[in-house]
Amino acid sequence: MDTLLLVKAAIMGIVEGLTEFLPISSTGHLILAGSLMGFVGGKAKVFEIAIQTGAIFAVMLVYWQKIRDTLVELPSSRQAQKFALNVIIGFLPAVVLALLFGKYVQEHLFTPVIVATTFILGGFVILWAEKRPTAATRVQSVDDMTALDALKVGLVQCFALVPGTSRSGSTIIGGMLMGLSRKAATDFSFFLAMPTLIGAGVYSLYKERALLSMADVPLFAVGLIFSFISAWLCVRWLLRFISTNSFVPFAWYRIVFGIIVLVTAYTGIVDWHH
């Protein structure tokens with residue numbers, strides 16, 4: 001396999017891992033990085049979805065204690081059953097909408113200009129959410145969430161079907177607006193990511209299997225490994241960061257980066273081909 005292609009796969013894996021769980025949109029960054037490197041086309045889209053699995057394995061490692069305890073206690077503990085049910089409830093809305101509109105979204109909305117626009121809009125939403133008067137926090141931990149809380153966060157996650165919106169940004173900020181603590185919203189966002197992104201990766205690989213061959217295994221393996229490593233480092237950092245900081249820095253990053261992409265696109269300084 002072409003060495004340059006493997007380098008591109010490694011870069012895409014790093015981009016995925018660093019951005020998947022920050023409120024800055026991994027899909028948006030992958031579209032932009034792929035455009036810059038000429039890593040585009042049907043196979044590239046499958047690759048971008050598949051390597052999310054590497055990032056999810058990193059989250060599962062970080063949260064392994066909670067996952068293991070839930071699985072062990074599931075047959076006998078009401079609390080474990082409630083938590084598992086909440087994850088399923090939160091997961092379902094995105095599945096339904098992705099099956100209905102996923103193909104249309106991929107064909108028409110996966111463009112650098114749309115990504116840049118949603119970067120900016122999402123940044124302003126985060127600033128607005130962080131500057132609102134602090135509402136009474138009803139939910140301190142994911143174990144305190146009700147089924148209705150889980151459904152609301154699941155519905156908000158659907159906004160992330162539009163590239164550049166950010167799945168983690170939608171669920172974390174949405175959860176906070178609904179009365180979840182910053183920690184509870186972030187934790188539930190991560191748990192929700194597990195079935196959502198693994199399901200998306202498996203479904204995409206199966207649906208587009210005709211595009212792939214055994215020769216693509218090294219490409220996907222490199223992307224998965226680098227996605228796993230960078231995501232593991234990023235998640236551990238983010239959990240420490242949110243204990244003492246707001247998401248305002250990410251909002252300004254989104255706005256500035258989005259403006260740069262739009263300006264370079266319209267002036268022709270950068271050829272954001274797609």
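Tutor: Let's start with Ala 221, which is partly exposed because its relative accessible area is 31% (buried means under 20%, exposed over 50% and partly exposed in between, using a 1.4 Å probe and protein chains only). Before going on: this is a predicted model, so local features need pLDDT of at least 70 and side-chain atom pairs count only at pLDDT 80 or more, while totals for chains, interfaces and linings use all residues. Residues are numbered from 1 along each chain as its sequence is written, and side-chain values use heavy atoms, with hydrogens and water left out.

Ala 221 sits in helix H11 (helices are DSSP runs of H or I with at least four residues, strands are E runs of at least two, and both are numbered from the N terminus). Count 39 residues along the sequence from Ala 221 and you reach Ile 260, with 32 Å between the two C-alpha atoms.

H11 (217–241) also turns up around helix H3 (42–50): along with helix H1 (3–19), H2, H4, H6 and H10, it is among what covers the buried residues of H3. Those buried H3 residues are Ala 44, Val 46, Phe 47, Glu 48, Ile 49 and Ala 50.

Go on to H4 (52–62), where you find Thr 53. Thr 53 counts as buried because its relative accessible area is 15%. Setting aside sequence neighbours within four places, Thr 53 is in contact with Leu 197, Ile 198, Gly 201 and Leu 224 (contact means heavy atoms within 4.5 Å). For a sense of scale, Val 59 and Val 156 are 21 Å apart, C-alpha to C-alpha, and 97 residues apart in sequence.

H9 is largely enclosed by the rest of the structure, because nine of its 11 residues are buried. The buried ones are Arg 167, Ser 168, Gly 169, Ser 170, Thr 171, Ile 172, Ile 173, Gly 174 and Gly 175. They pack against helix H7 (112–131), H8 and H10.

Now the geometry. H8 (residues 147–157) packs on H9 with the axes 8 Å apart and an angle of about 145 degrees (axes are lines fitted to C-alpha atoms, for helices over the stretch in contact, and angles run from 0 to 180 degrees between N-to-C directions). H8 and H9 cross in a right-handed way (right-handed if the near helix is turned clockwise from the far one by less than a right angle, left-handed if anticlockwise). On the H8 side, Val 153, Val 156 and Gln 157 make the contact; on the H9 side it is Arg 167, Ser 170, Thr 171, Gly 174 and Gly 175. By class, that contact has two nonpolar residues, five polar and one charged (nonpolar is Ala, Val, Leu, Ile, Met, Phe, Trp, Tyr, Cys and Pro; charged is Asp, Glu, Lys and Arg; the others, Gly among them, are polar).

H8 meets H10 as well: the axes come within 12 Å and cross at roughly 65 degrees, and this crossing is right-handed. Here Ala 150, Val 153 and Gln 157 of H8 meet Phe 188, Leu 192 and Thr 196 of H10.

Ser 166, in the loop between H8 and H9, takes a positive phi of about 90 degrees although it isn't a glycine. Ser 166 is buried, since its relative accessible area is 3%. Just after H9, Gly 179 has a positive phi of about 105 degrees. Another serine to check is Ser 25, in the loop between H1 and H2: not a glycine, yet its phi is positive, about 75 degrees. Ser 25 is buried too, with a relative accessible area of 2%.
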